[in-house]
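Visitor: Please show me the structure. I would like to go through its pockets, cavities and ring pairs.

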Amino acid sequence: MLLSPTERPPTYRAPADDGGLLSVPAWDELPALAQQGALLDAAPVEIGGVSLGEFRRQAKAELALLAHEYVAEYADAPARLDPAAPIVVAGHQPELIHAGVWLKNFAASELAGRLGGGAINLVIDSDAAHGATIRVPAGDPATPRFELLPFDAPCEPIAWEERRVIDAATWQSFGARAVEAMRPWGVDPLARTWWPTVLASRGTPPGLALAQARHALEIEWGARTLELPQSAVGRSHSFRRFACVLLAELPRLVAAYNGALAEFRRIHRIRNHAHPAPNLATDGRWFEAPFWSWSTSDPTRRPLFARRIGDEVEIADRGRFVQRLPLGGSGDCDTAIDVLAACEARGVKIRSRALATTLFARLALADLFIHGIGGARYDEATDAISREFFGLTPAPYAAMTGTLRLPIPLPREADAEINTRRRDLRDLRFHPERFLAGADLDAEGDRVAAVLVAEKRRWIAAEKSPANARARHLGIEGANQALAALLADVRGRTTASREAARQRARAGAILGSREYAFCLFPHDRLQQFLLDFPRRLP
C-alpha cells in the first residue's frame, strides 16, 4: 500500500495569493528531512552487485563531476560539489516555465547552502517537446484572452534532446515579439534583456539553450546550483547499472510498478488509467520497461520491451532495435553496462520515463528531491514501487511552489457577486415576492401583484394533504410564474449583473494566471520573488 488506512495523502494546492508560497513539509523541516537521505547508504541492498552505499557514492561522484563539466561549458560554474556532502536535487523539462516552478531551483540552492552541501537541477531533456509556444495575455482589460506566442515552428513530439530549431526567424524574433505582446499591459518583460542570452547558445539544441540561459541568470542572481541534462545522466555508468538491475528482473518490476499505480489511483479516486502514468504492458514473454528508446536516425520515442532468453535479456523497441544483454541469474552487470554504452555509441538512446527518472535520482543521487505539486503527488507511487522492488524507500522528497502574477491591474473579485446573483435568480423563480419592492410597477401591476401574493400565501397556509397536494402545488407555481412575469425587468438586470460578474471572473482568471512563462515578468519583480522566498515562507 502507498499509505496506511489511517493516513491521508498530503494536500498540494498552489497558493492563491500573489507572491504566496507552498512548502510541504514546512520549509524549516527540510534540513532534517534531507539528513535522512544519508541513512540510505547503510541499507543492506545491492544494486547490480554493488552495495547501495557504494552505488550512491559512485553515482554522486560521477554525476557531480559531469554536472560541473557541463556548466563550465557555458558559465562560470559554481564550486565543485563534494559528493560526500548532502545533495539536494530538483528537475524539470527545459521549457519556458512559470515562476512557481523556477522557485524549486532557488530553494534547492538555499537548502544546500544551509546543509553545507550542493544542489543539482536535472534538465529533463528526454521528455517530449510537445509545443513551441507560450501563452500571453491579449485583448483589453475588460475582455482579455489568451494568445499563443511561438518561439519556433511546431514539430512532431520528439525528445528535447533531439529537437533542433526549425524556424530560425521565429526563434530569433521571439524576444522582440514578447516585448510587443506585453507592451499594451505596461509590462517590460525579462525577455527583452534575457532572450539575447538564449540566442548566444548557437548550435545548442533549443531546449538546452533555454535551460542554459535560464541557469546563467540563476548564477548571476546568486544561486549555486549545478545542472545536468537527463541525456547526460542516461549516458552515465551509474544510470546504466540501475537500468540493468531493472531489466534483469523486469517481470517483478512490472508487477510492483502496476500495483503501485493501481493503489495510487484507488486512493486518489482517479479513473483515468494514464495517470499518474500508464501501466507497463505485457505481451507474452515480453515486458514493457520504464524506458524510452530511439535513435539519432529515427528520433521517434518508443517504449522499450525486454524478455528473458536463458542467461540473457533481450531488449527491443518492437521496431528496428534489438540487443541482448548478459544479465543471467548471477547478473554480469558490468558487461551489460558496456553493451549499453556500445548501443549509445551506435546512436541508440535509452532514457528513463517519468517515475523511473525520479526513482533513479532519489536512489542514486539525492539526499532530498524537491518536486513541484504534480511530481510530489506522483512520487507516492514511486515510493511504493521502490519499497516493493528494492525493499526500501528512496531519499525523501518535498514539494515547493509559489504564485507570481503579472503586474496587471485585475478586475474586482467576482465570485461573491456571482453566487449572490445565482441565488437571486433562483429566488426570482421560487420566491419572486421578495423582489417586488425593487420592481418598477404601475398601479395596475401593484394591484395584480398583491392579488398573486395573497393567493400564494393562501395556498402555503393550507395544510398539505393527498386530496389537495396537486392543486396546492399548481396554485403556488402559478402564482410564482405570474409574479415572475411581472418582474421580467428585475430578472433582466439580475442576469446582466451575473454575466458581468462572470466576465470579470474570466478576465481575472486570464490576467491573474500564475502559469505565464517567467520571461514575461519584469526583471526586478521576478528576482525579488525568487530570492526573498525564505523570508516570506510561513
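This is a predicted model: local features need pLDDT of at least 70, side-chain atom pairs count only at pLDDT 80 or more; totals for chains, interfaces and linings use all residues.

Visitor: How much space lies in the largest pocket?

Guide: On a 1 Å grid over the protein atoms alone, a pocket is an open set of points with protein on both sides within 12 Å along at least five of seven lines. Points are joined across faces, edges and corners, and the volume is the space filled by probe spheres set on them. For the largest pocket that comes to about 1400 Å³.

Visitor: Which residues lie nearest the centre of the largest pocket?

Guide: Lining residues have an atom within 4 Å of a point. The largest pocket has 49 of them. Nearest its centre are H92, Q93, E95, D127 and G375.

Visitor: Which element gives the most to the lining of the largest pocket?

Guide: Elements are DSSP runs numbered from the N terminus: helices (H or I, at least four residues) and strands (E, at least two). Those giving two or more residues to this lining include β4 (87–92), α3 (99–115) and α12 (373–389). The top contributor, with five residues, is α12.

Visitor: How do the residues of the lining of the largest pocket divide?

Guide: Ala, Val, Leu, Ile, Met, Phe, Trp, Tyr, Cys and Pro count as nonpolar; Asp, Glu, Lys and Arg as charged; the others, Gly among them, as polar. The lining of the largest pocket then has 24 nonpolar, 16 polar and nine charged residues.

Visitor: Which residues are closest to the centre of the largest cavity?

Guide: A cavity is a set of points where a 1.4 Å probe fits but cannot get out. The whole structure has three of 30 Å³ or more. The largest holds about 100 Å³. Of its 14 lining residues, the closest to the centre are Q93, P94, E95, I97 and R214.

Visitor: Which elements supply at least two residues each to the lining of the second largest cavity?

Guide: This cavity holds about 70 Å³. Its lining includes G234, F239, R240 and V348. The suppliers are α8 (237–248), α10 (333–345) and β14 (348–352).

Visitor: Are F174 and W195 buried or exposed?

Guide: Rings of Phe, Tyr and Trp (its six-membered ring) pair if their centres lie within 6.5 Å; planes under 30 degrees apart count as stacked, over 60 as edge-to-face and the rest as tilted. The F174 and W195 ring centres are 4.6 Å apart with planes at 55°, so this pair is tilted. F174 is in α4 (168–182) and W195 in α5 (191–199), so the pair ties together parts 21 residues apart in sequence. By relative accessible area (buried under 20%, exposed over 50%, partly exposed in between; 1.4 Å probe, protein chains only), both residues are buried.

Visitor: Why is the pair of W194 and W195 edge-to-face?

Guide: W194 and W195 are both buried. Their ring centres lie 6.0 Å apart, and because their planes are at 65°, the pair is edge-to-face.

Visitor: Which residue lies over the face of W292?

Guide: A charge sits over a ring if NZ of Lys or CZ of Arg is within 6 Å of the ring centre and within 35 degrees of the ring normal. R318 sits over F305 in this way, at 4.7 Å. Over W292, at 4.2 Å from the ring centre, lies R301.

Key
Residues are numbered from 1 along each chain as its sequence is written. Side-chain values use heavy atoms; hydrogens and water are left out.
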